[in-house]
Every structure is written in structure tokens, then in C-alpha cells.
Amino acid sequence: MAHLRSRRQLALAVPVVLSLTASLGFLPAVASAAPVTESTAATAEGPNLSYVVNTKTDKRTIASVQKAIAQAGGKIVITYAKIGVIVVHSTDPAFGATIRAVRGVQSAGATRTSPLTPAGTTDLGAVDMLTDAEAAKVKAASADIPDAEPLEADQWDLRAIGADQAAKIDDGSKKVTVAVIDTGVDDTHPDLAPNFSAAQSANCNGGVADTSEGSWRPYTPQDYHGTHVAGEIAAARNGVGVAGVAPGVKVSSINVTDRASGLFYAESVVCAFVFAADRGVEITNNSYYVDPWLYNCVDDPDQKAIVDAVNRAQKYATKKGTLHLASAGNSNHDLASDAILDASSPNDTTPVERTIDPSECFDVPTQLPGIVTVSATGVKNEKSFYSTYGNGVVDIAAPGGDSRYQIPDTPSKNGRILSTMPNGEYGFLQGTSMASPHAAGVAALLKSTHPWASPKQLQKLLKAQADEQACPTSYDQNGDGVQDAVCEGGPSVNGFYGFGIVNALKAVK
């Protein structure tokens with residue numbers, strides 16, 4: 001599952017906010033969007049693909065474009081009128097080119113390279129589960145720690161950022177919600193149920209929000225990624241299992257995965273950002289990249305449309321007061337470099353090896369303007385062996401785990417992150433997927449102590465409270481005499497750690 005920011009995922013983020021904004025001419029977005037009636041069905045000529053059509057936001061233009069879509073054989077799924085994004089299905093291979101020629105259309109393209117398929121299940125891969133024997137050992141060790149949760153002795157990550165001490169001062173406000181845009185969250189888990197916000201949860205698969213009971217949950221227990229992320233943010237201190245960084249705040253779930261493939265497509269992510277904003281969510285966590293392109297190059301009309309659509313949605317949410325955090329990626333690539341090899345795109349059909357320019361091809365949503373990019377660290381506060389980096393790219397760092405070179409002195413001696421799993425279980429994962437929710441939890445604590453802070457102000461606070469971490473003198477982790485990565489920048493801001501490693505204790509003080 002290449003889209004997730006877990007240890008099995010390869011994903012990147014790129015800086016160059018100004019050039020991104022200039023190259024695409026992003027429109028401001030301001031108000032909620034409403035669905036419209038589906039248009040006439042398309043003529044079956046090829047695979048049924050999903051498209052995003054981006055237009056001006058005035059009613060006359062949108063109506064004109066909707067008419068043109070119907071005439072071109074497109075089937076409108078939903079129109080987000082206030083951001084000028086229309087989700088369309090079409091079986092006409094020429095639909096994209098046809099609709100791009102329509103007056104008022106600013107960009108349009110397919111969000112996938114494979115046809116829409118019926119519902120099914122997918123395997124996200126193995127997880128390192130906490131066994132009963134390990135749990136007994138951890139509980140015995142946790143009993144010696146004052147006020148600790150039963151499994152907290154294995155949570156080296158909480159101690160690394162002072163979250164255990166922060167909880168004694170302020171565990172966060174119930175008025176703050178972090179939405180987990182991911183594979184769904186099992187809200188029946190005893191560590192998540194006390195803090196779960198069903199009213200701010202939905203399933204956005206396909207681009208339309210489904211708020212029916214339980215729609216936000218993972219499709220199968222193997223879709224555990226979102227449940228693990230949610231526990232890292234806000235698992236309650238209730239004497240059951242683990243604790244989150246901000247155990248007093250609310251957490252919600254916006255499931256954006258395709259039922260058949262498990263991939264994260266643009267129309268679903270657009271829906272998620274708009275839904276989060278309209279439901280008053282303060283913070284979103286984004287531990288994924290929008291499939292099927294690891295990088296979306298703006299000289300390709302389909303990929304440009306994806307960048308444009310998702311950016312309009314996240315900007316809309318930001319203007320309504322929502323801060324977004326995203327994982328940097330797990331490729332150990334320098335995103336401040338001149339060229340990067342992408343051998344994984346498109347990941348829904350057959351990947352084609354290509355070398356991309358990171359100033360013109362963008363990881364979405366990680367690199368979009370205003371989104372906080374998070375790299376991963378281990379128990380020694382060193383950059384995790386897999387974590388993507390880049391001077392001027394990474395904003396902050398947070399614990400994501402390192403099972404190779406940074407092994408903690410905990411009962412399980414597991415360098416990964418322990419958190420909640422579906423069906424009331426617990427397991428270890430590592431990746432920048434795990435770093436981003438730690439930072440999101442700290443952001444939630446900051447929002448709790450500074451309730452009137454805007455997303456821009458929250459981002460400044462997040463950077464200001466971080467512990468500065470200078471570049472290492474050497475990063476030859478395997479001892480072969482070759483540097484495994486090169487950190488550039490000064491002691492205050494650099495490519496490995498950005499402005500530093502987040503600090504939950506400082507956030508509440």
C-alpha cells in the first residue's frame with residue numbers, strides 16, 4: 001500500500017510554495033459546497049474513470065461547465081461549488097481533453113489510471129502485534145511508573161517529547177478535534193471510544209460524505225492504519241491500555257480509502273478537507289499521499305488537476321480555521337535536491353520509472369502551501385533511517401520509530417510506536433505516518449491552551465516550542481564509511497528536523 005506513511009510506504013514532500021502557487025494560480029476558497037443532481041450517463045467507450053474538473057467559482061460558470069460535462073457524456077457525482085471542484089465519472093477516453101477546452105474550466109483530469117471497480121477488500125500488510133506475553137511484561141513494568149497507563153512502559157515516544165508530564169498539567173480540551181484522514185478508525189476500541197467524535201466523522205470514498213453510523217470505520221481489521229494513528233493522538237488515559245499525546249482532546253475519522261484498492265484518490269481527499277472544515281475540525285492529520293502519483297507534475301494535465309483540486313479544498317479548510325499536518329515520507333530522500341527518481345507511479349496500474357524535478361512535481365497534500373511537514377525520529381532523537389528530509393522542506397520532527405538503529409530500553413525493546421489497533425488490540429508500527437500524529441497531538445495541546453490561535457499562528461507556536469536539534473556530525477548509521485544522508489542547515493533549522501522536535505510539555509506550559 002504505497003500511499004500510507006507507514007514503514008511499507010514510499011512518499012515524498014517538496015518545498016517551493018511560491019513557485020507552486022504561481023504555477024497553478026490557485027484560487028481562494030470560501031464556503032461550504034453543495035451536491036447537485038447527477039447528469040446524463042456517459043456512453044460506454046472505455047474504462048469508467050473518475051475526474052476532477054476545476055472551474056471559476058461563480059454560479060454562471062459552474063452551471064455552464066456542468067452543462068458541458070453532460071454534453072460530453074460525463075456523470076456528475078458532486079459539485080463543491082464554493083471551491084469550484086466538480087467530481088465526474090466518464091467512460092469516454094477523450095473526456096479530459098474535451099472538458100479542458102470548455103470555457104471556464106481551469107484544469108481537469110483523471111484522478112486514477114485504473115477503472116472504477118466494485119467493492120472488495122485489500123491487505124495492508126503485517127503489523128508487529130503486542131502479544132499476551134509481551135503485554136504482561138509491559139503491564140508489570142508500567143505498574144512501577146506513577147499514573148501510567150497499563151502499557152505505557154513501552155511508549156518511549158511519549159517520554160521523548162514530554163507528553164507523559166504534559167498530561168499531568170493539561171491533557172487537552174474537549175473543544176478541540178483532530179480529524180484522522182485515513183483508512184478509518186475503530187471508534188469501539190476502549191482507548192478511543194471516550195474521545196471519539198462521531199458528529200465530525202464520515203466516509204468520503206468517491207467524493208461524497210457518508211455520515212451514516214459506522215461509515216467511518218475501517219472496512220476490515222487489516223485496514224488498521226487510521227486506528228493506530230488515532231491512538232497516537234488521543235488514546236484516553238482511562239486505565240485500559242496506551243495513552244495518546246493529547247488524551248483529553250477529541251478525535252474523529254474521515255475514511256478516504258477506495259473500497260476495492262485501499263488507495264487514496266483526490267476526490268475523496270477533497271471531500272475530507274471540505275467536510276472537516278464544515279464540521280468545525282481544528283486539526284487534520286494526513287499520513288498518506290494522494291494516489292496514484294507519488295509526485296504530481298504540473299506539466300501533465302491530469303496531475304495538475306489533482307494538485308489544483310486538493311489545494312483548493314485544503315485552503316478552504318485553512319481559511320475556516322483548520323490546521324493540516326502531513327508526514328514527510330519514508331524514502332530517505334533529500335527533497336531539496338535537483339532530481340528524484342520515482343519508480344512507483346502510477347501505483348494503481350503499471351508504474352513507469354521517471355526522474356522528476358521536485359520544484360515542479362509535488363507530493364499531495366504534504367507539499368501544499370500552509371501544510372506542516374513532519375519528519376520522523378527514534379528514541380535517540382536522531383532522524384529515523386527511512387525518514388525523508390530536506391532543508392526548507394521539513395517543518396518539524398516527531399517520534400516515528402526506528403527499528404534498526406534506535407532501540408529503546410523498554411520491556412518489549414521495540415523501536416517502533418505502540419498504539420491502538422482494531423478490535424481492541426495493540427500493535428507496533430513505524431514511519432513518518434507515526435511522526436505526523438505525534439505532532440498533531442502537540443498541535444491539539446497548543447490549540448487547547450491558545451483557543452483563538454489561527455492555523456498560521458498555531459504553526460508558528462508549533463515551531464517555536466520545538467526543541468532545536470542540530471545536524472549530526474556524521475550520519476553513517478550502518479558503519480560502512482558512507483553517509484546515509486546529508487543534513488544541511490544550521491542548529492536552529494535544518495533538513496533533518498526543521499525547527500526541531502516537538503515538545504508536548506512546552507505546549508501546555
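**Close-up views of a predicted model**

**View 1. Helix α7 passes helix α10 in a right-handed crossing.** Right-handed means that the near helix is turned clockwise from the far one by less than a right angle. The axes of α7 (residues 225-234) and α10 (residues 432-449) come within 8 Å and cross at roughly 35 degrees. Axes are lines fitted to C-alpha atoms over the stretch in contact, with angles from 0 to 180 degrees between N-to-C directions. From α7, His 225, His 228, Val 229, Glu 232 and Ile 233 meet α10 residues including Met 434, Pro 437 and His 438. Contact means heavy atoms within 4.5 Å. Helices are DSSP runs (H or I, at least four residues), as strands are (E, at least two), numbered from the N terminus.

View 2. Buried is under 20% relative accessible area, exposed over 50%, partly exposed in between (1.4 Å probe, protein chains only). Just after α2, Gly 73 takes a positive phi of about 85 degrees.

**View 3. Gln 459 lies in helix α11 (residues 455-465).** Gln 459 counts as buried because its relative accessibility is 14%. Gln 459 touches Leu 323, Gly 370, Val 372 and Asp 395, not counting residues up to four places away in sequence.

The model is predicted: local features need pLDDT of at least 70, side-chain atom pairs count only at pLDDT 80 or more, and totals for chains, interfaces and linings use all residues. Residues are numbered from 1 along each chain as its sequence is written, and side-chain values use heavy atoms, leaving out hydrogens and water.
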